Amino acid sequence: MTTIDLREDADVALHPSSDVRVTTVTMRRRVRNKLATIAMIGAFLVAVIPLGFVLVNVTQQGMKVVTKDFFTNEIPPDTGSADLTNDVLAKYGGTPTTTQQTSSTQLGIGPAIVGTLLTTLGAAVLAIPLGILGAVYLHEYGRKKRLASFIRFMTDVMTGVPSVVMGVFIYSVWVVHYGVDGKSAFAASLALGCLMLPIVVRSSEEMLRLVPDHLREASAALGVRTWRTTTKVVLPAALPGITSGSMLAVARAAGETAPVLFTIGAAYNYNWRFHGGNVSLSQFIYNQAALTGPTALRLAWGAALTLIVIVLVLTLVARAISSRLSIR
Amino acid sequence: MTGSEKLEEDDVPPETTTEDLLRLGDIASGSEQPPAAQPEAPVVFDVRDLSVFYGSFRAVRNVDFEIHQHQVTAFIGPSGCGKTTVLRSFNRMHDLTEGARVEGTLNYHGIDLYGADVNAVEVRRRIGMVFQKPNPFPKSIYDNVAYGPKLAGAKRSELDDIVQRSLEQAALWDEVKDRLKKSALGLSGGQQQRLCIARTVAVEPEVILMDEPCSALDPIATGRIEDLMDEIKAQYTIIIVTHNMQQAARVSDRCAFFTTEVNEQSDTRTGILVEFDATEKMFSNPSDERTENYVTGRFG
Ligand SMILES: Nc1ncnc2c1ncn2[C@@H]1O[C@H](COP(=O)(O)OP(=O)(O)OP(=O)(O)O)[C@@H](O)[C@H]1O
Ligand SMILES: [Mg+2]
């Protein structure tokens, strides 16, 4: 009976004499453990149910309209009045007519996909380098200086600013200034960049904080300037975290509606340039949903599914990059 | 914009840098001379009335002593008495610590290290440091050693030689020569510490500061590092902090004993230098009772 018992209640087996009390303690601990586990799973389910519902619903509705051409077709103008497509009429028992032509194969959101990618790319190019440099200042140079504390505080404030305010801000300083031409993918990039900037700054600073100080000291002790230490030791060490933080900010920007609403203008055809009116998926969803006609709604569902997939892909890429980079 | 102020602080204005480089350069060439007989060994550091503060807390006060060229000087004393604090003031490491401040004069070959026109980066190039905890960069073994020389402007073609020479000096070459491109983090603690030594000697400093370099090592690795110190002290001036009396007795030529002085009124503890002398004398016939108690293990 002296064999070592590795079961959970091994202590009981090893001390058979101190039986009763130990057993009840173990029992109570087990019950508590069970309850806590159940509570956690419950909380998880409560959090997941709405998410699952949204995903299932969007996928169901979206798949009805998504075809191969859906992603490349230009946006049909006038979707609000061209409500009764032949399909819809057939579904609701109406008679197909020849005057109202918007069939499923002609529906598309290609320009909105391009617009989303363009505005997000623009925002990323504007916000990520600036944000990382800001974080480098805050953590490597500013530290506890007044200016650094002030910037840190303002960044936190900026993180909490509702995204629509960013849109209005760019509208008032850029769009109003340039008139009708002011609305463009670039203006939308500016608004999204304003939104991303504080997120990139704060997440990058957090990652720089994780780089142990002894690496900075080791580098400094070799007679290396702070800037070189930052670029050669600190940033490489923080790169996985900074990358995934930035990618998450990009994913967030890709899905934002409010900043884009006042700034991007309108377009039904492909616009690959940063100037001139454009259209993004989020803004497109908003507009179509507001029109309420069946065709508009179908387009909105399809665009919503597309947007979710794009954001999901960006998030997965962020994860992949950070796990790839952190393998040493 | 925002970062520029500190950047400027960091890079001392060019005119002073050049001048300073020249001044320091003249001296460094003197270090090639063979070591003089021990009592007359030239003074590298002349420390006068040194006090170090962390914020308003005075960690060490009124330290006076000299460090001689091509000798090993050991700092001993109970934990918290300020050995690390004094050591870090020799290469201006305190510049990196928020709130740390050094008072008094610390002359390096007659130049006040804390003078207004002295470039801290250049100081650290000449006065290297090995830390208590091995802290290799998360890079390959090769890149760890090549890092300093590369940033100091060594040519690509010279790097292989520098890396090999430095690793040989640190008695690590044979163990790692087949895996130079592997991560340094895969080395054992003792190997990592020797890598850190190799990394330090690779930039050819004049002085090497070592803060308890063997505290994480087994006796064999410790022995290797002690042998190493003995070998390289002909080229370098070494200051070592240690808690190991035998180690201090074995490796050092001179020894500084610090202790903590408790101020009853303000209830603060300040480090003071009790005695500084040749190691033999410190261990056989110390002039201060506190030193004797400490080195004989009767510290109370
Ligand atoms: N960064 C810091 N900020 C504030 N106080 C500090 C800091 N570093 C050290 N001190 C204080 O300064 C005093 C001396 O510390 P130091 O690290 O120099 O001691 P030490 O002699 O090296 O001790 P040990 O042998 O344990 O390494 C201690 O009271 C310590 O608490
Ligand atoms: Mg110490």
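In α6(A), Ser163(A), Met166(A), Gly167(A), Phe169(A), Ile170(A), Trp174(A) and Val175(A) meet Phe186(A), Ala187(A), Leu190(A), Ala191(A), Cys194(A) and Leu195(A) of α7(A), where contact means heavy atoms within 4.5 Å. This is a predicted model, in which local features need pLDDT of at least 70 and side-chain atom pairs count only at pLDDT 80 or more, while totals for chains, interfaces and linings use all residues. Residues are numbered from 1 along each chain as its sequence is written, chains are lettered from A and ligands numbered from 1 in the order in which they are written, and side-chain values use heavy atoms, with hydrogens and water left out.

**Aromatic rings in chain B**

- Phe45(B), Phe65(B), Phe75(B), Phe90(B), Tyr108(B), Phe258(B) and Phe276(B) together form one aromatic cluster, where rings of Phe, Tyr and Trp (its six-membered ring) pair if their centres lie within 6.5 Å, and planes under 30 degrees apart count as stacked, over 60 as edge-to-face and the rest as tilted.
- Phe75(B) is buried, with a relative accessible area of 0%, and Phe90(B) is likewise buried, at 0%; buried means under 20% relative accessible area, exposed over 50%, and partly exposed in between (1.4 Å probe, protein chains only).

**Charges over rings**

- The charged end of Lys181(B) sits over the ring of Tyr142(B), at 4.0 Å from its centre, which requires NZ of Lys or CZ of Arg to be within 6 Å of the ring centre and within 35 degrees of the ring normal.
- Arg199(B) lies over the face of Phe137(B), 4.5 Å from the ring centre.

**Elements**

- Helix α6 of chain A covers residues 163–178, and helix α7 of chain A covers residues 185–210; helices (H or I, at least four residues) and strands (E, at least two) are DSSP runs, numbered from the N terminus.

Technical notes
Axes are lines fitted to C-alpha atoms, for helices over the stretch in contact, and angles run from 0 to 180 degrees between N-to-C directions.
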